Amino acid sequence: MKEAQNCTKELLKFIQDSPSCYHAIENVANAYREHGFEVLEESGDWKLEWGKKYCVIRNDSALIAFCLPKKKEKVKGYHVAAAHCDSPTFKVKENPERGVESYVLLNVEKYGGMIHSTWLDRPLSVAGRIAIADEKTGKILTKLVNVDRDLLTMPSLAIHMNRDVNKGVELKPQTDLQPLCAMTAPGDEKPSLLWIVAKAAGVKKEQILGNDLFLYVRETGRIFGADQEFILSPKLDDLQCVYALTKAHVESREKEFITVNAIFDNEEVGSGSNQGADSTFLEDVILRMGEALEIPASKQKAWIAGGFMISADNAHAVHPCHPEKADPTNRPYLNGGPVLKFNSAQKYTTDGKTAAQFRSLCIKAGVPCQTYVNHSDVPGGSTLGNISTAHVSIPSVDVGLPQLAMHSAVETGGVLDTLMAVKVMKEYFSE
């Protein structure tokens, strides 16, 4: 338990330092830099060497890292892992300030399918990136920004003004989920969010030519429970998997497979972006890797066919108050280990053979393995695996770590599960 708690504390620090998808990728990139990975420019020429380690960043919010074995002759294929760095939240619209009575609200829109009510009455702030023009060259540069203070909240309507609130109320984003930012006296100019952001970023407001800003929950993650066995934190879906995959990758030693860790953006809105799993990012990196190493296309395809991909995105644990929502015979629990995810409609890529391969990894790592299948009366969601394999047709399995309250502003997980994921992924990357 002590080892698991230390791993969990590292996870919670990573989440706290990642208030946006851009910060998450920067933190992952820094972990790779610290472990000797060379950062490649996607727009530049690549010169690769066997036995070296590299990573590539796309649009500040997706990253692919790969390790090349020392001996080309022994390579059998690719061992790929994938996760996503985005979570359901609210994106700040252009010209966001709205004056209502003596208040100033921010005009925001939904990003992903969150549980609306969980965002009410919490301390919130803004983080993301800004685009500025370099004063010397005029080149457009991006800069990360985090307004690291309690800035906003979404106040709920008092029960005295809505007596039916506890019977279930629809919250409309444009009406009920607009965060309170400031107060103004009649005739005063509305405070500017970009001025606040510019000050936090250390630039002039006039330099900001574009922005991608998102709300985030200010509450920090914590360990709780009678035996300190639970985690309560924002963004467990899917930064818990991002952390586990990255930690395992940098601490592993590849032998006969080219190991790849792909962190995509925009999974929560369908992955259909330049930096999502439905882009050609993974395909492009593998193609360019082959060209730089002078590997024939037929050999590349053979390596893909002889490889494997683990798509890691968190899974639903059995809910203690609603056990009837879970499948009758596949019932994953917190602290029960990684979860194999199955779906007959191929929303998950797991089949009998790839499930057996993942279970074999768990046995080697000394880690239990659970299973998840949707209740047949309740349609489930989708994830990265089937989207990625449409571009790179590699044998694949979908897994996740068990959690409660998925897509809440604050989610619940198990202290033991992150460490177990790290152990399995180390086994995988080191095979």
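User: Is C362 buried or exposed?
Analyst: In this predicted model, C362 is buried, with a relative accessible area of 1%.

User: And how many disulfides does a search of the whole structure find?
Analyst: The search, which covers the whole structure, comes back with 0 disulfides. C362 is therefore in no disulfide, and the nearest cysteine sulfur, that of C369, is 4.2 Å away, whereas a disulfide needs the two sulfur atoms within 2.5 Å.

User: What about C85, which cysteine sulfur is closest to its own?
Analyst: The closest one belongs to C21, and because the two sulfurs are 5.1 Å apart, they are too far from each other for a bond. C85 is also buried, with a relative accessible area of 4%.

User: Switching to strands, how do β1 and β2 pair?
Analyst: Strand β1, residues 38-40, and strand β2, residues 53-58, pair in the parallel sense, with 3 bridges between them. One of the residues to look at is V39, whose bridge partner in β2 is C55.

User: Then how many bridges join β2 to β3?
Analyst: There are 6 bridges joining β2 to strand β3, which spans residues 62-67, and these two strands run antiparallel. Among the paired residues is R58, whose bridge partner in β3 is A62.

User: What do β2 and β3 form, and which residue in the turn has a positive phi?
Analyst: They form a hairpin with 3 residues between the strands, and in that turn N59 has a positive phi of about 55°.

Notes. Residues numbered from 1 in each chain as written. Predicted model: local features only at pLDDT ≥ 70, side-chain atom pairs only at ≥ 80, totals over all residues. Heavy atoms only, no water. Pairing = 2+ DSSP bridges. Helix = DSSP H or I, 4+ residues; strand = E, 2+ residues; numbered from the N terminus. Buried < 20%, exposed > 50% of the residue type's maximum accessible area, 1.4 Å probe, protein only.
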